[in-house]
Each structure stands twice: as C-alpha cells, then as structure tokens.
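Subject: The structure for you to look at

Hi,

Here is the structure I promised to pass on. Have it open while you read, and I'll walk you through what turned up.

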Amino acid sequence: MNQPIVIAIDGPVASGKTAVGRLLAQRLGYKFLDTGLLYRAITLLALESGLDLSDEQCLVEMANPLPFEVSFDDAGEVSLFASGRDIAPFVNSPEVAEATSRVAVVLGVRMALLPLQRQIAEDGRVVMVGRDIGTVVVPKASFKLYLTASSEERTRRRYQEFLNQGRSVEYREVQEQLIQRDYRDEKRAVAPLRKAKDAKLLKTDGLTEIEVVQSIVELLENS
Ligand code: C5P
C-alpha cells in the first residue's frame, strides 16, 4: 500500500471518528491525534478558572500561549499535561463537551491551536480527526475522509458511551445536546464543520468500528 503521511478524518459528534481513527492509526503504525481534545483542554481549563465563556478576549488570552503540553507515547497515543497535571481524564464530561462547542467558535482560540496541529501534521505518519482537518488545518492532507451517520444513530452511540462511563444521563438530553453541537459546529463563521471537496464520504450507520476501518483501508488501497 502506498501509505499517505497525514490522514485527515472529519465528521460530526459521535460519527465514530475517534474510535475508528485510533484503530486505523494502530493498524498503520501511525500516531493518533483527536484534535477535539485540544479544544476540550482549553475549555476545561477555562471552566476551572471560572472564566466567562462568552468573554472572547479572556478565552483568547487563556489560549495564548497554549496552557498545556502535548506529547505522544510509543504507541502513538497523546498525553495532555497542564502545569504538570494530566488533564486527559477530565476532558470527556458532557459539561466540557457542551461548553467546548461554544469555545471552539472563537477565532483567536482556533488560531492558537493551529500551529501545534500543523506541526504534528508536518511530522507526518499521523491520523488526525476533528471538524476542520481536511478543510483548514491540513488542506493538503494525503488522504481525506468525512465520516458521518444519521443523528438517531449518533445519539444512540453517545448515550451508550455515557452509560458505559457510568454517567446517568437522559436520552432526550443527549439528543438535544448533539443537535445543538452539530448546529454550532456547522453554522459557525470560522472553520465550520463541512466535508472537504476532495474528501471521501463514508456513512457508518449499522457498521461496526472494525467494518469502518476495513472500508477505510480499502479506500486507501484504491487511492
Ligand atoms: O470531537 P469532540 O467531540 O471531542 O470535539 C469537541 C468540540 O470541539 C466539537 O463539538 C467542536 O466544537 C470542537 N472541535 C472543533 N474543531 C476540531 C475538533 C473539535 O471545532 N478540529
């Protein structure tokens, strides 16, 4: 297989991009970066500092310079440390997820995260997943994919994920949050979620993660 250097995977909430991206990276022996973590990290730190999330200037100041460090372990997985503290375990709560899509609309926050993402892309052999990887962060990515699934399927997956984490959540609440996050991500002025023209489209309804990875490997082999 003619292996590309950067694989860009974009898609909406719970389209499967993180699980699939990670498996794909393992299969190819690439690094894996879920760029949502970077936005979540800034949001977590802003929430912990009691910042008003509608105060864009404060958010931009908080993001410059980046208040955390990113490193990859030998398995290609990322670690996030802020002032020596591992913050990865704290970024996945529903509260942080919801707040993140509000922080991610701020241009200055996106600009602050761009050089780091581009540096990681330049180092190569990486699967990067997010909302704007193929359109803004790495428009020249060797291979671009847009993963999606119906909003019912994505709600079911996200709900199940929260149950598996032992969180008590209402299905309706998960559904409303997903619709709101989709709306904010798709409608924002800066780097909105959309399929890059040259991205392959893959709908994952009814497919297992392994089946999606297999489909991507086939697309890669035929690209
Ligand atoms: O993918 P994840 O759910 O972790 O992303 C959290 C939020 O971060 C998204 O809803 C989106 O608002 C933002 N995000 C973004 N651009 C990216 C990755 C994530 O705007 N490349």
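Three strands make up an open sheet in the order E3-E4-E5, and their pairing is antiparallel. Strand E3 (69-72) and strand E5 (85-86) are at the edges with a single partner strand each, so one side of each has no neighbour in the sheet. Helix H2 packs on this sheet and touches E3, E4 and E5, its direction making about 20° with that of E4. Between E4 and E5 the antiparallel pairing runs over two bridges, and if you click on Ala82 you'll find it opposite Arg85 in E5. Keep in mind throughout that this is a predicted model.

Now for the other sheet. Five strands form an open sheet here, ordered E2-E6-E1-E7-E8, with parallel pairing. Which strands stand at the edges? They are strand E2 (31-34) and strand E8 (200-203), and each has a single partner strand, so one side of each is left without a neighbour in the sheet. From one strand to the next, the twist averages 20°. Strand E7 (residues 143-148) pairs with E8 in the parallel sense over four bridges, and Lys203 in E8 is the bridge partner of Thr148. Helix H5 lies across E1, E2 and E6, and runs at about 150° to E6.

On to the inside. In soluble globular proteins, nonpolar side chains tend to be buried together. The largest nonpolar core here has 38 residues, and the ones touching the most other members are Phe68, Ile87, Val109, Met128 and Val138. Several elements give two or more residues to this core, including strand E1 (6-10), helix H3 (56-63), strand E4 (78-82) and helix H5 (107-123). The largest share comes from H2, with eight residues. Apart from this core lies another, of 19 residues, with Val20, Leu24, Leu202 and Val213 among them.

Is H4 largely enclosed or largely open? Eight of its 10 residues are buried, so H4 is largely enclosed by the rest of the structure. Among those buried residues are Pro94, Val96, Glu98, Thr100 and Val103. The buried residues of H4 pack against H2, H3, H5, H7 and H8.

Finally, the rings. A search of the whole structure turns up one aromatic pair. Tyr159 and Tyr171 form this pair, which is edge-to-face, with 5.2 Å from centre to centre and 75° between the planes. The pair links distant parts of the chain: Tyr159 belongs to helix H7 (residues 151-164) and Tyr171 to helix H8 (residues 171-187), 12 residues apart.

Lys31 lies over the face of Phe72, 5.0 Å from the ring centre, while Arg158 lies over the face of Phe162, at 6.0 Å from the ring centre.

How values were computed: Residues numbered from 1 in each chain as written. Predicted model: local features only at pLDDT ≥ 70, side-chain atom pairs only at ≥ 80, totals over all residues. Heavy atoms only, no water. Core = buried A, V, L, I, M, F, W, Y, C linked by side-chain atoms within 4.5 Å. Buried < 20%, exposed > 50% of the residue type's maximum accessible area, 1.4 Å probe, protein only. Phe/Tyr/Trp six-rings, centres within 6.5 Å; stacked < 30°, edge-to-face > 60°. Lys NZ or Arg CZ within 6 Å of the ring centre and 35° of its normal. Pairing = 2+ DSSP bridges. Contact = heavy atoms within 4.5 Å. Axes fitted to C-alpha atoms, helices over the stretch in contact; angles between N-to-C directions.
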